[in-house]
Every structure is written in structure tokens, then in C-alpha cells.
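Good morning, everyone, and thank you for making time for this. Please have a look at the structure on the screen, and then I will walk you through a few parts of it.

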Amino acid sequence: MNSATPLTQQRQDSAAPNSNPYESERLLREYLLFHYATAREVAGHLWAPVDALEYPARCVTKCVDVSVLGAHSRALDLGCAVGRSTFELARHCGEVIGIDYSTSFIESAEAIRAGRSLAYDCLEEGELSKPLNALLPAGVDPSRVSFEQGDAMALRDGLGVFDVVLMANLIDRLHEPSKCLLSLARLVAPGGQLVITSPYTWMLEYTPRENWIGGRMEDGVPLRTLDGLRRCLERDFELVESRDLPFLIREHARKFQWSVAEGTRWIRRA
Ligand SMILES: C[S@@+](CC[C@H](N)C(=O)[O-])C[C@H]1O[C@@H](n2cnc3c(N)ncnc32)[C@H](O)[C@@H]1O
């Protein structure tokens with residue numbers, strides 16, 4: 001337990017050009033930091049908007065109604081990356097599955113679940129970096145959690161139904177988001193919760209324009225992503241809440257991206 005495993009010993013390579021960016025060592029380091037670093041590790045001595053830190057934890061604490069959950073509850077974290085929201089869901093549910101398309105993200109999440117301290121480098125400036133460690137958050141029971149590699153647009157049979165499905169910053173990274181959204185009715189139990197958070201950053205690199213569910217003109221009228229979500233979901237889900245969720249991504253010691261996701265909570269109709 002807790003023997004530090006240098007990330008560079010596990011992944012010497014960077015992702016090849018045109019391959020999945022989420023397999024690159026740079027994004028793996030950025031996501032380990034985004035999910036597991038303390039405020040001090042993210043911002044050092046600089047002022048930082050504290051309400052924009054700990055985003056993967058806030059997707060759970062601010063968007064999921066945890067009061068209706070318990071040891072009997074099952075949760076699914078789709079596009080879990082390196083797993084922080086999955087662990088946060090395990091504070092409230094007896095079983096949580098985290099699924100991501102990136103093999104390196106899932107391997108890292110599983111290493112943390114198994115109790116290893118995952119060593120990684122955090123970029124300071126130029127070629128300089130500082131060593132950090134990613135650890136299982138305190139108080140989380142790892143036996144409630146499992147991770148698997150999978151495609152949110154073509155999930156395997158046999159996952160069962162869930163009391164909570166979380167999709168954090170995923171929809172605008174899918175090739176065909178509507179395909180994933182339309183498959184959710186069979187995954188969420190009647191009365192169960194679907195939480196979708198996203199800054200709606202549509203990019204051709206990830207999603208062909210004809211598949212954008214919002215952020216474009218349609219028949220001369222602006223189509224917002226929230227309207228696209230309603231169009232895909234409202235037959236099976238009722239929108240019950242939406243909120244703004246700021247988040248901060250550190251690029252290096254003196255450069256940060258500040259974004260504001262919209263978090264929506266939907267209840268599966270009976
Ligand atoms: C912007 S990141 C968000 C990760 C995490 N939920 C968070 O909020 O930090 C998008 C994630 O979706 C994953 N992803 C992209 N396409 C996917 C797919 N088809 N199925 C499952 N995961 C996918 C990526 O590997 C990446 O981890």
C-alpha cells in the first residue's frame with residue numbers, strides 16, 4: 001500500500017499525433033492534478049478562485065441529490081477519466097462503476113483504487129516541473145468502486161440499472177453525443193438521477209458539426225446545448241435543476257484556464 005509508483009516508469013511514451021489525446025502523458029498529468037491536487041499544489045502562493053477548485057468532487061456534492069442514496073444504491077460515472085468523481089460517488093453508494101475510453105486514465109484510476117500513491121510531474125514552466133502524488137481520497141471505501149475501459153456510445157451489455165449516472169464534461173467530447181444520450185433511459189432506474197455537466201465546448205476535433213446537439217444555428221435559429229439536451233432526453237427524463245459550476249485547469253504555474261460548466265440534474269420518469 002502507498003508505495004509511490006513513478007508515472008514515467010509506467011508510460012514512457014506520449015500519444016502519437018492524431019491518436020486519442022486522452023492517451024497522452026501530458027493530459028494524464030493534467031487530469032491527475034485536476035482530480036487529486038490540493039489548492040496549494042494547483043495555485044502555489046497565487047490567488048485562485050477557490051470556488052473553481054475540486055470540480056470532480058463538486059459535480060457530486062453540488063449536483064447529485066445524495067439524500068436519497070444509500071448502501072443499496074448503484075452509480076455509474078461515464079467518462080470518469082482518472083476517477084475522482086467515481087470515488088466521491090462511493091461515499092454515498094454501495095457500488096460505483098467508472099468507465100472511460102482512455103486505457104491510461106483507467107489504469108491510473110485503478111492504481112489509485114488499489115491504494116498506490118501515483119507519482120506524476122506537475123509542469124512549472126518550460127521544462128521545469130515539480131513531483132506530486134495522487135492518492136485515494138480519505139474516507140473512501142475502494143471496495144465499492146470498479147473501473148473499466150469502455151465507450152460511452154456503445155456500452156457493454158450487463159451493466160444493469162443505476163440510481164445515479166454522472167456524465168461530467170463528456171458530451172462535448174463524444175463523436176455522437178445523441179447516441180449516448182438516447183441510450184441512457186435503459187441505464188437509469190425509474191426515479192433515478194442523471195447528472196450532466198459541461199461547458200459546451202464544441203470542437204470539430206472531437207465531434208463532427210452535424211452531431212453537435214447545440215452551439216450552432218439550425219434553420220436560421222440558434223440551437224443551445226440545453227435545448228439539444230431536452231430534445232434528446234425529455235421523453236424519458238424530467239429536468240429538475242441546473243446550476244453553474246466553475247472549474248480551473250492549471251496549464252503551468254502561471255497559466256490557468258477558468259471555465260464555467262452548466263450542471264443539470266434529470267430524473268428518470270417512471
Ligand atoms: C473532458 S474529460 C472529463 C473527464 C472527467 N469526467 C472530468 O470531469 O474531469 C473527457 C473524458 O471523456 C473520456 N471519453 C472521451 N470519449 C469517450 C467515450 N466515447 N467513452 C467514454 N469516455 C470517453 C476521455 O477519455 C476523458 O477522460
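Let me begin with D219, which is exposed because 5 other C-beta atoms lie within 10 Å, and a residue with 12 or fewer counts as exposed. Please keep in mind throughout that this is a predicted model. D219 sits in the loop between β9 (216-218) and β10 (221-223), and D219 has a positive phi of about 50° although it is not a glycine. Most residues other than glycine have a negative phi.

Now, is N169, which also belongs to a loop, buried or exposed? N169 counts as buried because it has 23 C-beta neighbours inside 10 Å, where 20 or more are needed. The loop in question runs between β7 (162-168) and α7 (177-182), and the phi of N169 is near 50°, again a positive value in a residue other than glycine.

Let us turn to strand β2 (residues 74-78), where five of the five residues are buried, so the strand is largely enclosed by the rest of the structure. In a regular strand the side chains alternate between the two faces of the sheet. In β2, R74, L76 and L78 point one way, while A75 and D77 point the other way.

What does β2 pair with? β2 runs parallel to strand β3 (residues 95-100), with five bridges, and parallel to β7, with four bridges. A75 has a bridge partner in each, namely V96 in β3 and V164 in β7. Finally, β2, helix α5 (residues 84-89) and β3 together form a right-handed β-α-β unit.

Conventions:
Residues are numbered from 1 along each chain as its sequence is written. This is a predicted model: local features need pLDDT of at least 70, side-chain atom pairs count only at pLDDT 80 or more; totals for chains, interfaces and linings use all residues. Helices (H or I, at least four residues) and strands (E, at least two) are DSSP runs, numbered from the N terminus. Two strands pair if DSSP finds at least two bridges between them. A crossover is right-handed if, with the strands pointing away from the viewer, the path from the first strand over the helix to the second runs clockwise.
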